[in-house]
Every structure is written in C-alpha cells, then in structure tokens.
Amino acid sequence: MGKKNVISATICLVAALTIATVTGKNFMDVKAPDTLHPSANVTETKMLSDYFGDLKGTNSDTPIYVFKGSKPGGSMLILGGTHPNEPAGYLAAVAFLENVKVDQGTVYVIPRACNSGFTNNDAQEASPQYLHFTNKNGQERQFRYGSRAANPVDQWPDPDVYIHAGSGQQLSGSETRNLNRCYPGRPDGNLMEKTAYAIVQLIKNEGVDLTFDLHESSPEYPVNDATVAHEKCMDFAAEGMLELQMEGINMSLEPSPTNLHGLTHRELGDYTNTYPILMEAPNASQGRLRGATNEEMALTGKDKFYVSAAKLGFVYVPYDENGHPIEERVGRHLQGIIEYTKAFSSIHSDKPVSFENVPGYEEMFTDTDPSQLGGPHFGSFLN
Amino acid sequence: MIITLIYRAIVALVLIFTIWNLFTEKKVALQANAALVVIPLILRFLMIK
C-alpha cells in the first residue's frame with residue numbers, strides 16, 4: 001500500500017462519509033412529524049399506542065385528536081394519511097381538525113394513519129418531499145408527501161406473496177406494507193397488521209359508529225370521484241351521495257366488494273360495529289400517465305399528458321387544462337364527510353354527530369378566485 | 001428482530017471489506033468506485049435508509 005494510494009483512498013473515504021452524512025440527515029429529517037395546530041375545540045390528544053401498547057416507540061405510533069361535543073351523541077373516526085402519497089386524504093383530515101367545532105357526539109381524527117409511510121417516498125416515482133402552504137397568519141406550513149406503503153426500514157422483508165391473515169387472499173408481496181390491505185390486523189402480526197389492529201381496537205373500545213377513510217387515486221383508475229361503502233352503509237350513503245350530486249359534486253357510490261379483503265370498507269364493516277366509508281379523489285401525481293412530477297403538479301393537478309389521455313378516453317374523471325387542484329380534492333372529501341354524517345345522523349337518530357366550522361366544497365373550491373387555487377386558498381384554512 | 005441483526009452484521013462485514021478494498025486498490029477510479037459503494041452501506045447499517 002503506497003503513500004499515494006493511502007492519500008487518495010482517504011480522500012475518497014472522506015468524500016463518501018460526507019455524502020452519507022448529508023443524505024443521512026435528509027432521510028432523518030423527513031422522519032420528524034409535521035406540526036399540526038388543532039382547533040381550540042380539541043378536547044384531548046391521544047396516541048394510537050394507547051389502544052395497543054406494542055406500537056409505543058415504533059414509527060407507526062401516531063396522534064389521535066379527540067373532539068367532544070357539548071351534547072352526547074354518536075362517535076365518528078376520520079382516517080387521513082392511510083396512503084401518504086395521496087395528499088388530499090391527509091390534508092382533508094388536517095383541514096378538518098384545524099377548523100372543526102363538534103356540537104354533538106365525539107369525533108376522533110387520525111391525520112397520519114400510516115405514520116411510517118410519511119417517512120419515505122416510493123422508489124423511482126420522483127415524488128416531491130414536501131407540500132408548502134402559507135397559512136391564514138402568513139406563516140409557511142409544510143406537509144410531507146410520503147409513500148403508499150410503510151417505510152421498509154420499519155417493516156421488512158417483504159414476502160414474495162402477501163397472504164392476508166383473515167381470508168387467505170394472495171396479493172403482491174409489497175402489499176404487506178400497505179395499511180389498507182392489513183385490516184382487521186392482528187396483535188402478533190407485522191407492523192402494519194399491528195397498526196390496523198390498533199385502529200380496530202380504537203373503534204371497538206370507543207364504540208365508533210361511523211368511520212371515514214380518505215384517499216386519492218390516479219385518474220386512469222376506475223374507482224375515482226367515488227365513495228366505496230360497506231353494504232350496511234348503503235341507506236345513508238345513498239342519501240349522502242344524492243346530496244353531494246345536488247351540490248354539483250360528481251360522486252358515484254360503489255358497494256365494497258365482498259371478495260376484496262384487508263380494506264377498511266370491507267373489514268371494519270365485517271369485524272366491528274362501525275359503518276365504514278372510503279372516498280377517492282383524482283390525483284395526477286400518483287398516476288402512471290403523468291409527466292414531470294413535482295409539488296406544483298401535486299397541488300394543481302395540472303398535467304398535459306392527462307389532458308391528452310382524457311381526449312383519448314383513457315381516464316375515468318373529466319380532465320382538462322384546469323387540472324384538479326388540491327382545494328377541489330380536499331373540498332370533495334370535506335363535503336362528503338359533512339353530507340354522509342348528516343345522512344347517518346338522520347337515519348341513526350340514536351347516535352347523531354354534528355359539527356360546524358368545517359369548510360365545504362363551495363367554500364374550499366367553487367366560490368374561489370381561480371388564481372388562488374393550487375395551494376394559496378387551501379393555506380387560508382390552516383392555523 | 002434476529003433477521004435484522006443478521007442483516008446488519010452482513011452489511012457491516014461487506015462495509016469493512018469495501019473499505020479494505022478502497023485502501024488496497026491501486027487505481028484511483030476503482031477507489032472512487034469503492035467509496036460510492038460505501039455510502040449506501042453506511043445508511044443501511046445505521047438503518048437510516
């Protein structure tokens with residue numbers, strides 16, 4: 001080993017250590033949870049590990065914001081961030097908890113249901129790391145754009161085939177890290193099965209009557225602009241869907257397939273007494289036909305390739321140059337929560353839930369100056 | 001989890017061999033090549049990525 005070799009080797013090693021330190025810090029920084037500012041009406045903040053202790057200290061433990069109304073009533077759970085690469089699902093839960101005042105009943109909000117998935121991005125997707133907004137006080141807020149599934153650092157190795165424990169259903173191995181394929185979960189399973197189990201324990205222990213799971217899907221996916229509901233929800237879901245359509249929101253209602261297992265709208269309905277509803281909004285930034293992926297696309301939903309795809313009939317939602325801004329997608333979810341809750345409370349009058357101060361579709365989207373769409377207007381609802 | 005400990009031990013071993021290779025290699029280009037391999041091995045060993 002010559003002296004010259006040692007010098008060049010040392011230089012190379014120092015360079016490698018420097019790069020590892022810088023990138024390592026970046027990877028560690030995204031593990032810090034976003035700072036949320038719940039409305040002044042929040043009555044309690046719990047952790048998911050309060051319902052299943054095995055989650056304590058793991059990257060899957062996540063806050064639950066509890067809002068109790070002054071009048072007794074039913075209870076409701078909102079799951080945001082089941083898939084952290086579907087920003088409207090996460091941000092609708094955030095907008096709800098930062099504005100809501102519950103009058104009757106109790107509302108539980110878990111904005112980051114798959115907390116682990118917020119700590120990485122899907123490989124080879126070029127997803128943005130953060131979404132940025134200016135809040136009503138002029139301060140910058142940032143929110144993570146994560147991955148569809150849990151961070152493989154937290155749960156590995158993936159099997160070749162994922163077998164759903166309750167049904168024996170076989171799926172691709174990576175789906176073992178998809179929270180919404182792991183319900184009802186099991187206490188001795190992998191991290192996502194334990195997370196699903198903890199959410200089921202919350203529903204059972206608190207007697208949650210109505211559960212919303214907020215999602216987005218790529219425009220070429222058939223289940224879009226849609227509500228998927230367990231068959232026992234169909235009476236109030238149909239009423240709520242009609243209300244949404246009368247308000248100009250294109251929403252379809254689909255029954256949860258009985259042979260598709262592990263999802264909230266199937267398993268929570270089968271294994272608990274809650275009435276589960278899942279909603280989908282169109283998100284170009286997770287689609288297969290998209291162009292350059294960046295924060296602007298995630299916020300505006302504008303993409304020329306989807307406009308072309310729509311002209312060729314390849315997508316399941318209307319798509320033009322205006323895209324589908326975050327205000328529209330979040331507004332759909334919030335208005336859906338409002339209408340389905342009203343319909344549920346009307347039919348199940350022994351367990352009503354009512355709340356106010358949650359921005360609906362008009363306030364969030366249709367009554368807005370188009371120049372403010374794509375982030376600025378959404379920011380005005382943040383504390 | 002035992003499998004994680006075994007995995008990290010294997011990564012540590014490969015990391016040591018790679019650094020050894022970095023210092024015994026005579027060509028600078030191959031030294032740089034070894035240094036590039038070191039980066040993900042460090043992040044893997046520390047379970048950061």
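The model is predicted, so local features need pLDDT of at least 70 and side-chain atom pairs count only at pLDDT 80 or more, while totals for chains, interfaces and linings use all residues. Residues are numbered from 1 along each chain as its sequence is written, and chains are lettered from A and ligands numbered from 1 in the order in which they are written.

Me: How many helices and strands does chain A have, and what makes a run count as one or the other?
Reply: Chain A has 10 helices and 13 strands. Both are DSSP runs numbered from the N terminus: a helix is H or I with at least four residues, a strand is E with at least two.

Me: Why is chain A called as compact as a globular protein of its length?
Reply: The globule rule (2.2 Å times the number of residues to the power 0.38, with the radius of gyration taken over C-alpha atoms) gives 21 Å for 383 residues, and the radius of gyration of chain A is 21 Å, so the description holds. Along the principal axes, the C-alpha atoms of chain A fill a box of roughly 85 × 50 × 45 Å.

Me: What share of the contacts in chain A with a separation of 6 or more comes from residues 24 or more positions apart?
Reply: Such residues account for 73% of them. A contact means that two C-beta atoms, placed from the backbone, lie within 7 Å.

Me: Which residues of α1(A) are buried, and what covers them?
Reply: A:Ser8, A:Ala9, A:Cys12, A:Ala16 and A:Ala20 are buried. Their cover includes α1 (2-24) and α2 (28-45) of chain B. Between the two chains, 16 residues of chain A are in contact with 17 residues of chain B. The chain A side has 12 nonpolar, four polar and no charged residues. Here Ala, Val, Leu, Ile, Met, Phe, Trp, Tyr, Cys and Pro count as nonpolar, Asp, Glu, Lys and Arg as charged, and the others, Gly among them, as polar.

Me: Which class does A:Asp225 fall into, and which A:Asn357?
Reply: A:Asp225 has 20 other C-beta atoms within 10 Å and is therefore buried. A:Asn357 has 13, so it is partly exposed. Neither is a glycine, yet phi is positive: about 45 degrees at A:Asp225 and about 75 degrees at A:Asn357. A:Asp225 lies in the loop between β9 (210-217) and β10 (226-229), A:Asn357 in the loop between β13 (354-356) and α9 (361-366).

Me: Where is A:Pro157, and what peptide bond joins it to A:Trp156?
Reply: A:Pro157 lies in the loop between β6 (140-144) and β7 (161-163). The bond is cis, with omega about -5 degrees.

How values were computed: A residue is buried if 20 or more other C-beta atoms lie within 10 Å of its own, exposed if 12 or fewer, and partly exposed in between; C-beta atoms are placed from the backbone.
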